[in-house]
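I opened the model today and kept notes as I went. The entries follow the order in which I looked things up.

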Amino acid sequence: MSITPIIGQDTLQKFIFDNASVRGEFIDISATWREVLSRHVYPAPVKKLLGEMVAAAALLSANLKFNGTIIMQIHGDGPVNLLVVECDAELHLRATAKLASDAVIADDATLPSLLNASGKGRFVITLDPADKMPGQQPYQGIVPLDGDDVSTVIENYMLRSEQLDTKLWLAADDNVSRGLLLQKLPYHGGTTAVETTPLTEDEALETWNRAVILGSTLKQEEMLSTTIDVLMERLFWEETIRVFDPLHPSFHCTCTREKVGNMLKMLGRPEVDSVLEELGHVGVNCDFCGQRYDYDKVDCAQLFATDAPVEALIPAGEVKH
């Protein structure tokens, strides 16, 4: 059992308990998280919640046999309107938060006070396939915001919507985002999904309970200050664990001038013309990476003159920032 992190590179390490009923993942996604924060200024409590969601989204995405994007959102009814993280099959991530215009956020603010002040907060997971079949729509699960922290919200969602026993330990601050995921594997008549040596149902449950107890010894401060290879050794040194080749998440924003142009076309010409009349141009900033896309009257005329893809109409070298 060993992990060899690459300095400066994010690492997601999958593992299973040999001859047992538990699989897990450790993640250090700090470089990606710092890339997200380099584009935004958020209060400390918002950073903590969004940073934990970044780690959680990568952990869940790595377990999906799914060619597409997982979009994790918390819609709030308090000072924070929205937290959203997107992660695709290659573990490319982007994230953003939207605060209410009059938001006042205390340093000790909690998830319920920020996002569930009136009990109307919602947690949403969307699975958006990369290659949709004709008529195929993204799958979306929506549940009430049930929990006092990001870990509990996701655990409750996974149990309610996916019938999967899942435990998460997450930690994030201005520089670090790390997490641990454990899942109880399905029990099938004496064997688990990853081994053939017979196990009784009681033995499978005992292994799961022991793994959860070990994970529950993790403290936030320890996760923020300790690398995942050391954390794994501390927690599971008495267990026989098989590790797999590490994966390497990274920041990547999918915004393009073509997508922004198509969004403007969906708004309709009257709406776009009204902005042009008032401002002389249409400017759109990507909420995730901050990239700015500007369209003058000629650009907008081209958008609505043909159904051709926007990239074909406006050369990349003419993108205005």
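**Entry 1: aromatic rings.** Which residues form one aromatic cluster? I find Phe15, Phe17, Phe26 and Phe236 in it. I note here that the model is predicted. My search of the whole structure for aromatic pairs returns 5. One I looked up is Phe123 with Tyr157: the ring centres lie 5.4 Å apart and the planes stand at 75°, so I log the pair as edge-to-face. Phe123 belongs to strand S6 (residues 122-129) and Tyr157 to helix H4. That puts the partners 34 residues apart, so to speak a link between distant parts of the chain. Are these two residues buried or exposed? I have both Phe123 and Tyr157 down as buried.

**Entry 2: charges over rings.** I checked two arginines next. Arg94 has its charged end over the ring of Phe288, at 3.8 Å from the ring centre. Arg257 lies over the face of Tyr295, and here I read 4.1 Å to the ring centre.

**Entry 3: the sheet.** In what order do the strands of the open sheet run? I read S8-S9-S2-S1-S12, which makes 5 strands with antiparallel pairing. Strands S8 (166-172) and S12 (241-243) are at the edges; each has a single partner strand, so one side of each lacks a neighbour in the sheet. I get an average twist of 15° from one strand to the next. S2 (residues 22-28) runs antiparallel to S9 (residues 177-184), and 7 bridges join them. Across this pairing, Arg23 stands opposite Gln183 in S9.

**Entry 4: helices on the sheet.** Which strands does helix H2 lie across? I list S1 (11-17), S2, S8 and S9 for H2 (residues 44-62), which runs at about 140° to S8. Helix H4 (residues 150-161) lies across S8 and S9. I have H4 at about 155° to S8. H4 is also the helix that holds Tyr157 from my first entry.

**Entry 5: cysteines.** How many disulfides does a search of the whole structure find? I get 0. I wanted the reason for Cys286. A disulfide is a covalent bond between the sulfur atoms of two cysteines. The closest cysteine sulfur to that of Cys286 is in Cys253, 3.6 Å away, which is too far for a bond. The cut-off I used is 2.5 Å between the sulfur atoms. I also checked burial. Cys286 counts as buried at 13% relative accessibility. Cys300 is buried too, with a relative accessible area of 2%.

Technical notes:
Residues numbered from 1 in each chain as written. Predicted model: local features only at pLDDT ≥ 70, side-chain atom pairs only at ≥ 80, totals over all residues. Heavy atoms only, no water. Pairing = 2+ DSSP bridges. Helix = DSSP H or I, 4+ residues; strand = E, 2+ residues; numbered from the N terminus. Axes fitted to C-alpha atoms, helices over the stretch in contact; angles between N-to-C directions. Contact = heavy atoms within 4.5 Å. Buried < 20%, exposed > 50% of the residue type's maximum accessible area, 1.4 Å probe, protein only. Phe/Tyr/Trp six-rings, centres within 6.5 Å; stacked < 30°, edge-to-face > 60°. Lys NZ or Arg CZ within 6 Å of the ring centre and 35° of its normal.
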